[in-house]
Amino acid sequence: MAHHLAASEMTPEAFAASSSAAAFAGAAAAGAVAVFDKLAALEVARRLEWDRRRMECQEAADPGESVKSFLGSWVECERSIRCGLFAMYTAAGMPTAASPETAASGSSISESMSNLSTSDSTPSTACTPTSLPDAVTVIAGLDAFTADILNMERSAASASYYLPTYDQKKCALLVASLRAEMDEARKVLLPKRKFAFSKKVSRTRTEPPTATAETASTANGTTAPSLSSTCHTATNSSSSSSSTAHQPSQPAADQSQGSAGTAGSTAAATAAAVEEPDSHSFQPNARDIALVQSGRGLMNVTDRVIVLSGEQLEGGEFVLLGLQRCSIYLLGRLTMLRISRLQDCKIFAGPITGPCFVDAAQRCTFVIASYQVRIHRAQHSDFYLRVRSKPIIEHSLRLRFAPYCLEDEGVQSRLAAHRLGVDVGLWCEVDDFGWIKAVQSPNWCVLPVGERLAGVRVPDVGQVGSVTAAV
């Protein structure tokens, strides 16, 4: 009753102020609800965009660039090397600090692999000691293990562009540890003889030095056991080098000619391996075949001019396999372009919002705008590029580079829409993974201005070629 009396005794001004305060509180509550709804909608949109980008990254990722597979191969090589050393120590009757399984399990690479996955790990190979090895077998085994360590170091350098920094440091530490263990094994298993004066015995030319070695091995009647390794098999290079060491020395002129001939033959063999890739080794994987069958690629096409518009491409991946004397125009956005086994072709593509892989191309011309370009086993080809990172070449020969030259209004607008509208000059900063010297690589050069294509435009083709081709 007192409340009603107080309300009735309120002045009109006080009553109006109370009503406006209540209305303001209600409006504030409604505004807060609207703000929360807007924030929730923004969060949903952000998550959808994140999922979309993650799917694009997964589609554009190279199947061979798997950190898990790389570390798994390293674990197997490490276990193989430690297993071989353990077998040598055991056969020689020398104690070791730990078994190879224990040493490998304590390495950082093995810990990284256990963190990645434990279900895919393969059981380690048992290290069964062989009979007492001779010096030749020990030298051959240690040389093979040293070669394995060198291959591990090279593979880590090749995979440095996709390996995390933490794994790169752990790989470097593991290589240093294996090198130290190999040096210690050489000191223990192959100790240097103490210095002593000995009387030289002249050999007669009637009995070649190899005959003495063969007689000694026949008298022993034993066969040196071979040490198996999952990475490489121990070769007989050490035995051949030891027999060569006993042969009579040649004159200096003959030796110089032999070394020059060996260097020339090595260079010729390397050039032949680069210029003539094995045609029988080309076998497209199931993923590429599925892309071709679904209309996302061209395969085994000869003497054709094909123009594909943006409506036909509609983003995603695209592959070009086994083409000869073709001109291909891909005028739409792609997330990845994979090219393999092309001869005498002209390829015009862009924009590619991901990587472009070129493998085994001969006498081709590429006009490509892509985020990243990687070239492998290519020769006698020209590349007109607009890229956002340095081009990478490997095992290639006689490549020439120039800036992007496709001039078309539609193409330029698409490039600008996907952050490729401006040439940042990275087309001429090529990284040759097969050339580690500080001087210019002989495998590529800048295309002279007088020999470059000028103002290339998309041709007016009446009939657009079919995308699918026979597998």
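Is Phe-70 buried or exposed? Phe-70 is buried, with a relative accessible area of 8%; buried means under 20% relative accessible area and exposed over 50%, with partly exposed in between, using a 1.4 Å probe and protein chains only.

Before I go on, some ground rules. This is a predicted model, in which local features need pLDDT of at least 70 and side-chain atom pairs count only at pLDDT 80 or more, while totals for chains, interfaces and linings use all residues. Residues are numbered from 1 along each chain as its sequence is written, and side-chain values use heavy atoms, with hydrogens and water left out.

Helices are DSSP runs of H or I with at least four residues, strands are runs of E with at least two, and both are numbered from the N terminus. Trp-74 is buried too, at 2% relative accessibility.

Now the rings. Rings of Phe, Tyr and Trp (its six-membered ring) pair if their centres lie within 6.5 Å; planes under 30 degrees apart count as stacked, over 60 as edge-to-face and the rest as tilted. By this rule there are 7 aromatic pairs. Phe-70 and Trp-74 form a tilted pair, because their centres are 5.7 Å apart and their planes stand at 40 degrees.

Phe-366 and Phe-383 are stacked, because their centres are 4.8 Å apart and their planes are at 10 degrees. That pair links distant parts of the chain, with Phe-366 in strand S7 and Phe-383 in strand S8, 17 residues apart. Phe-366 is buried at 0%, and Phe-383 has a relative accessible area of 0% as well. Ring pairs join Phe-366, Phe-383, Phe-401 and Trp-444 into a cluster.

Next, the cores. A nonpolar core is a set of buried Ala, Val, Leu, Ile, Met, Phe, Trp, Tyr and Cys residues joined through side-chain atoms within 4.5 Å. The largest has 38 residues, and Phe-366 and Phe-401 are among those with the most contacts inside it. Strand S6 gives the largest share of this core, 6 residues. A second, separate core of 23 residues includes Phe-70 and Ile-149. Ile-149 is also one of the buried residues of helix H6.

Last, Ser-381, in strand S8 (residues 379–387). Ser-381 counts as buried, at 0% relative accessibility. Its contacts (heavy atoms within 4.5 Å) include Phe-366 and Arg-400, leaving aside residues up to four places away in sequence. The C-alpha atoms of Ser-381 and Arg-400 are 6.5 Å apart, although 19 residues separate them along the chain.
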